[in-house]
Structure formats: structure tokens, C-alpha cells
Amino acid sequence: MESISSRIAKVSPSLTLAVTAQAKAMIAKGEEVYALAGGEPEVDTPQFIKDAAIAALLEGKTKYTPAGGIPELRAALSKKFKDDNNLDYAANQICVTGGAKMACYNAILAVIEEGDEVIIPSPFWVSYPEMVRLAGGVPVIVETKESTGWKMTPEQFEEAMTPATKMVIINTPGNPTGAIYTAAELLALGEIALGEDIVILSDEIYEKLVYGDHKHVSIASLSQELYDLTITVNGFSKAYSMTGWRLGYTAAPKPLAEAIEKIQNHTTSNANSFSQYGALAALEGDQSFIEDLRGEYDVKRQFMYGRLKAINNIRVVEPQGAFYFFVYTGNTGLKSMNLCDKLLSRYKVAAVPGIAFGYDEGIRLSYCTTLDILNEGLTRFEQFCREH
């Protein structure tokens, strides 16, 4: 239709959601599918969080809240940033959003004008380039390598910059690779951003899912200058298994925070009211759930790494965080869409094609599932690789 805007016409559908939907449709028909495509914890939200939301409902906390979130939650997030990330954000610098996806989009809208360029390292989370296009910006993709652990180098950052560069997106721990930037690596990238006043969108949604001796570092905590240039994004979906609750948040220097809240005032207004009380309980309640979840994922990560390393015609970098493996599959001779179609239709294993993340010679496999499904899914993937 001619009435559809050119911005929408440029946007691609989410392949991760499409693969998940296809797998669910096959399961609904009675087929046995081994889903290694998911991007959400398989365990339920902790009961004490659900109880807090139920209590809020019963108490009539079902009305509009301030657009940026209930004061108690913003105050709790301010404390969380201080305790976890060594960051001083006042409550009014924090905006609670309808998911971390909305938080990212609000941040991009607050900064990007028509024609502005945004540097995005690939493999990237599928929605970053599309959000930039929706905002009228131009995504500039920087292809990272296995040899650098799927992380953008300062040299690559400098080469990608132009006078039109307005923002860089850093996702650590990363989706789909599980890569974590060290403090030294973040400082090196940050120095380049500071030299040209390039705003940093730091997506830290997987910060609690870090393994071994690796540590999560918030780039805004490394200096006052970086703090003044960074929008930090996070949410409740991954660490607290609250994907369907749709709660994320931004934290930013005051001028950017005011711009983000202004956007929210005129778009979604407040995030779900009673979900916010559940999020408040999540922050203030027993945190052992997160450590238990992280421990379970670490076991699955090590199990999966051992299995994948033993397959001859693929390559894999050990992920340091999140709950994914990004597997190099170029030696199979198949592009990622074709590979995933065959893997699902013939072997009943759901994976996400790398083209969704800007890298067509790889696929994403998730270990946020049961060990039984993971074991059988990997057995079938091994069989697929032997036959291709």
C-alpha cells in the first residue's frame, strides 16, 4: 500500500520471534520439537514476585502511574545502580518502560535525527538496526570476528566513524554471542566516543548472567565523562524470568533522561502498574533465585560447550555471559536460513539463523531450556553436522 511509511517499509520482521512461533506451531500440531531458539528463561517467575503483583491488583493499584514509573520502584532502581554498578542515578534520571526493548527504542528516539548514523557491532541483537531505521537513522554495521571474541575493537570503531555518527550501541554481555567487554576494552571504546561526543547506548540486560571469573562492568561507571555520554538500559526479563511482564528501564544524564521521559509521556505513558509492584519486590526480595539460575545456566553452558567443541565442521567461541552460543557454520556450505530450515524440518531442532544478527555464516543456539531437551537437541544437531 502506498500509504505505508517508507520507514516501516525498510524494517524487517524479527526472525527470532518467527522461528519461535514456527516451533510452537509444530508443537501445537503434536510434533516433537527441540527448541534451542528461545530467548527467555524456562523457569517461572519467582512466587514472591507474583504475590506482590497479585497484592497490588487486590489493593486496586490498577490506575495510571507517573509516566516514568512509581516513585518506590525508581528509588529502588537508583539503589540498585549504586550497589551493583557503582553508578549514581537519581530516581528522576530513571524511566521505567514497557520492556528493555522499549527502553532501547526510547533512547534511540531521544538522540537520533534523520540521517544520523549509529554504529552497531555484529553479530547484533536483531532489533537494534530496525529501531535505528524507525527513528530515521542509518545503522552502520561493524563486523566483529571470532578472533576478538566477537567484540568490536577500537580500530574498527574509528574506521566506522563519520561526521554523521551520533551513537554507538554496546551490548555486554551480548546477544547472540555471550561476549563480555572488559573494563579496559570499554575504556578504549569510550575514549573514542568521548573524542567525537558519540552517545553510548549500553544495553546491560544480561548483566546478572556472567560466568567463571568474568565480571560485568557498566561503561558509565568508568569516568564522569563517560557517565555524561551514556544511556544505560536494563530490565527484569532475563535475571528474574519476567519476560512477559514487559518491564525495562533507562538511566541517563538529566537532559537525556528528561528527553526519554518526554517520549514516554506521549507514547506508552506508564508501564503496567501492578507489574511495577512485582518488579519492586524483585529488587527488594531474596536474590538467591538469580544465583541459582546463573548456576544452572553455567552447568548447561559447560555441557553445551563440550559437545559443540567436539563437532568437526563447526567452530564456537566459549560465551562468557547470557545464555546463547553463536556457532560458526560456514563449513557446512549452507547459509543460515537454509541451515535452520533443514534443521527444524528434518531434525526437529529450532535454532535462529545468523542472518538475523547480521552474520550469515552462523546460527544462535540457546541453552535456556531443560537438560533433556538440550541433550537431545545437541544429539540431533551433531547428526545434522555429520551429514552436511
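Trainee: Where is Glu296 found?

Mentor: In this predicted model, Glu296 is found in helix α12, which covers residues 288-309.

Trainee: And what does Glu296 count as in terms of accessibility?

Mentor: Glu296 counts as partly exposed, because its relative accessibility is 38%, and the partly exposed class lies between the buried limit of under 20% and the exposed limit of over 50%.

Trainee: How far apart are Glu296 and Gly333 in space?

Mentor: Going from C-alpha to C-alpha, Glu296 and Gly333 are 34 Å apart, while in sequence they are 37 residues apart.

Trainee: Let's step back to the whole protein. How many helices and strands are there?

Mentor: The secondary structure of the protein comes to 14 helices and 13 strands, and the C-alpha atoms fill a box of roughly 55 × 55 × 55 Å when it is taken along the principal axes.

Trainee: What does the radius of gyration say about a compact globule?

Mentor: A compact globule with 388 residues would have a radius of gyration near 21 Å, and the protein has 21 Å, so the value agrees with that expectation.

Trainee: What share of the residues counts as buried?

Mentor: Of the 388 residues, 55% count as buried, and the accessible surface of the protein comes to about 16,200 Å², with 52% of that belonging to carbon and sulfur atoms.

Trainee: Which share of the contacts comes from residues 24 or more positions apart?

Mentor: If you take the contacts with a separation of 6 or more, residues 24 or more positions apart account for 75% of them.

Trainee: Now the pockets. How much space lies in the largest one?

Mentor: About 820 Å³ of space lies in the largest pocket, and its lining is made up of 36 residues, with Leu17, Gly38, Gly39, Glu40 and Lys238 lying nearest the centre.

Trainee: Which element gives the most to that lining?

Mentor: That is α2, with seven residues, and the elements that each supply at least two residues are α2 (15-28), α5 (100-111) and β13 (362-366).

Trainee: What classes do those lining residues fall into?

Mentor: The lining of the largest pocket has 17 nonpolar, 11 polar and eight charged residues.

Trainee: What about the second largest pocket, how much space is in there?

Mentor: The second largest pocket holds about 330 Å³ of space, and it is lined by 20 residues, of which Ser12, Ser14, Val126, Ser127 and Glu130 lie nearest its centre. The elements giving two or more residues to this lining are α2, α5 and α6 (127-134), and the largest share, six residues, comes from α6.

Trainee: And how do its lining residues divide by class?

Mentor: They divide into 13 nonpolar, four polar and three charged residues.

Trainee: How many cavities of 30 Å³ or more are there?

Mentor: The count comes to one cavity of that size, and the largest cavity has a volume of about 150 Å³.

Trainee: Which residues lie nearest the centre of that cavity?

Mentor: Pro121, Pro123, Trp150, Asn171 and Tyr181 lie nearest its centre, out of 17 lining residues. The elements that give two or more residues to the lining are β3 (117-122) and β5 (165-171), and β5 gives the most, with three residues.

Notes: Residues are numbered from 1 along each chain as its sequence is written. This is a predicted model: local features need pLDDT of at least 70, side-chain atom pairs count only at pLDDT 80 or more; totals for chains, interfaces and linings use all residues. Side-chain values use heavy atoms; hydrogens and water are left out. On a 1 Å grid over the protein atoms alone, a cavity is a set of points where a 1.4 Å probe fits but cannot get out, and a pocket is an open set with protein on both sides within 12 Å along at least five of seven lines; lining residues have an atom within 4 Å of a point. Grid points are joined across faces, edges and corners, and a volume is the space filled by probe spheres set on the points. Helices (H or I, at least four residues) and strands (E, at least two) are DSSP runs, numbered from the N terminus. Ala, Val, Leu, Ile, Met, Phe, Trp, Tyr, Cys and Pro count as nonpolar, Asp, Glu, Lys and Arg as charged, and the others, Gly among them, as polar. The radius of gyration is taken over C-alpha atoms; the globule rule is 2.2 Å times the number of residues to the power 0.38. Buried means under 20% relative accessible area, exposed over 50%, partly exposed in between (1.4 Å probe, protein chains only). Contact means heavy atoms within 4.5 Å. Accessible areas come from the Shrake-Rupley method with a 1.4 Å probe; for residues, only the protein chains shown count as cover.
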